[in-house]
Amino acid sequence: MKWKNKGHEFDEAYQKMKSKESYYLFGAGDYGTQFVKMFQNEINIICYIDNDKKKQGSIINELECIPFDAVKKEDSIGIIVTMSQSARVMPIEQLTQNGYKKNEDYFIIEEFISVYNVYKYNKVVFSSISFLPATICNLKCKHCLNFNPYAKKYYARDWDSLVSDIDLFFDCVDYIMLFHVSGGEPLLYQYTADIISYIDTNYRDKIGTLRTVTNGTVVPSDRVLEKLSQCNVEITVDDYREAVPEYSRNFEELIEKLEQYGIKYYINKVDSWIDLAPERTDFSDMKEEQIINHRDACSQSWEELRDKKLYSCNYAAYAVVAGIAGEQDIEEVYDLRAYTQDSKKELIEFRLGFTTKGYTNFCKKCRGFTKENRDFVLPAIQCEG
């Protein structure tokens, strides 16, 4: 994954994209829906593929959903994997075992979105970005992907730094499928509703979906709810009631309030998390080529926007904030202040995982979203004490 040919890393992949007459979308969930919104008038989409038998045979976003076994491999037809990083690990293995080659027969959603638009339209289009105003949280989840249990104190940003990051980001980026305001628990941070309102007011036409998340245990004030109700924002409400039943009433009250204020939301009930296990992982003895291959095998696709920079792995960035990853090398970040109109493809390549070094320092302590890491854990299990 070393950056060897800046501005040209996806030349061949784009030619393959252009050669396809039509596409299947592998994944009929949230990412699949977001992708259809962007590309339904741009490319010929045949239908969805999904391994979920409950979805097979149904019509989703006016597209039929079929099992993978019903697909016939053809050179003129491509497959776009429209799933999150954790969900796509096994489907990619499924494609590989059936003779499909990446960037030849199938494409990853974030790569397709960005490469297609920058080559065809000279536009910088991202699939997603993680924006973390604060790590403040009322839970202490043992397997938190913000690594809050390791942090000595919470991290919270001031208003001016949030606004300057947002403005600079949209000076560089023409459009983004999903802008995600993350946490911590965003509903505990004093500026969450205000920054969502700022983004929605100033950059609504550049965003497919503006979204934030809550752990379902916090009932915000009427002021916050009123401000959110005036924004085109979605809230993901994580359902952790099995892990923290003492917050069940809060969860119910939160849903009632969102309904009352007409705020768009959906309940996210997950069966498991993946454990990146930094306290039990030590890849420091790996040779450089091995650690590059480890990062390349990780299907982690998110980056973080912070301090006028993009961080090449948001989990590595969170680990630095939590104090368990040391400092990040300059090669792990892209300074948006250095961006020019002539570096659009370079910015896209960085967003898609290319760095000069080819890995982050945290890769040596992280198991990653790899097919080898099947260490699933129950969601929101709390640290003892």
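Contact here means heavy atoms within 4.5 Å. With that in hand, welcome to a short tour of this predicted model. We start where helix α2 meets helix α4: Tyr 31, Phe 35, Met 38 and Phe 39 in α2 are in contact with Ile 109, Phe 112, Ile 113, Tyr 116 and Asn 117 in α4.

**Helix α4 and its partners**

- Helix α2 spans residues 30–39 and helix α4 spans residues 109–121; their axes come within 11 Å and cross at roughly 15°. That angle makes α2 roughly parallel to α4, because angles under 35 degrees count as roughly parallel.
- As for handedness, α2 and α4 make a left-handed crossing.
- Helix α4 also packs with helix α11 (residues 344–351), at an angle of about 175° and with the two axes 10 Å apart. Here α4 is roughly antiparallel to α11, since the angle is over 145 degrees.
- The residues that meet in this second pair are Ser 114, Val 118 and Tyr 119 from α4, and Lys 344, Lys 345 and Ile 348 from α11.

**Helices with a buried side**

- Helix α3 runs over residues 89–97, and its buried residues are Val 89, Pro 91, Ile 92 and Leu 95. These residues lie on the same side of α3, because they cover an arc of only 170° around the axis.
- The partners for the buried residues of α3 are strands: they pack against β1 (22–26), β5 (77–81) and β6 (106–108).
- Just after α3 comes Gly 99, with a positive phi of about 85°.
- In helix α7 (residues 222–229), the buried residues are Val 224, Leu 225 and Leu 228. They sit on the same side of α7, because their arc around the axis is only 95°.
- An α-helix has 3.6 residues a turn, so residues three or four places apart point the same way.
- The cover over the buried residues of α7 includes α6 (192–203), β10 and α8.

- Ser 197 belongs to helix α6. Its relative accessible area is 18%, so Ser 197 is buried, the cut-off being under 20%.
- Setting aside residues up to four places away in sequence, Ser 197 touches Lys 227 and Cys 231.
- Gly 216 lies in the loop between β9 (207–214) and α7, and with 2% relative accessibility it counts as buried.
- Beyond its neighbours within four places in sequence, Gly 216 is in contact with Val 237, Asp 238, Tyr 247, Asn 250, Phe 251 and Leu 254.
- Asp 239 sits in the loop that joins β10 (234–238) to α8 (248–261). A relative accessible area of 10% makes Asp 239 buried.
- The side chain of Asp 239 has a polar contact, at 2.9 Å, with the side chain of Arg 241.
- Not counting residues up to four places away in sequence, Asp 239 touches Phe 251, Ile 267, Asn 268 and Lys 269.

**Distances across the model**

- Gly 216 and Asp 335 are 119 residues apart in sequence, and their C-alpha atoms are 35 Å apart in space.
- Gly 326 is in the loop between α10 (314–322) and β15 (333–335), where it is partly exposed, with a relative accessible area of 45%.
- Between the C-alpha atoms of Gly 326 and Glu 253 there are 41 Å, for two residues 73 places apart along the chain.

**Backbone details to look at**

- Most residues other than glycine have a negative phi, and most peptide bonds are trans.
- The peptide bond from Gly 183 to Gly 184 is cis, with omega near 20°. Gly 184 falls in the loop between β8 (175–181) and α6.
- Ala 277 is not a glycine, yet its phi is positive, at about 50°. You will find Ala 277 in the loop between β12 (273–274) and α9 (288–297), buried at 0% relative accessibility.
- Ala 380 likewise has a positive phi, near 60°, in a residue other than glycine. Ala 380 lies in the segment after β16 (376–377), and with a relative accessible area of 0% it is buried.

How values were computed: Residues numbered from 1 in each chain as written. Predicted model: local features only at pLDDT ≥ 70, side-chain atom pairs only at ≥ 80, totals over all residues. Heavy atoms only, no water. Helix = DSSP H or I, 4+ residues; strand = E, 2+ residues; numbered from the N terminus. Buried < 20%, exposed > 50% of the residue type's maximum accessible area, 1.4 Å probe, protein only. Polar contact = N/O pair within 3.5 Å; in protein donor to acceptor, adjacent residues only side chain to side chain. Arc of directions from axis to C-beta. Axes fitted to C-alpha atoms, helices over the stretch in contact; angles between N-to-C directions. Parallel < 35°, antiparallel > 145°, perpendicular 65-115°, else oblique. Left-handed = near helix turned anticlockwise from the far one by under 90°.
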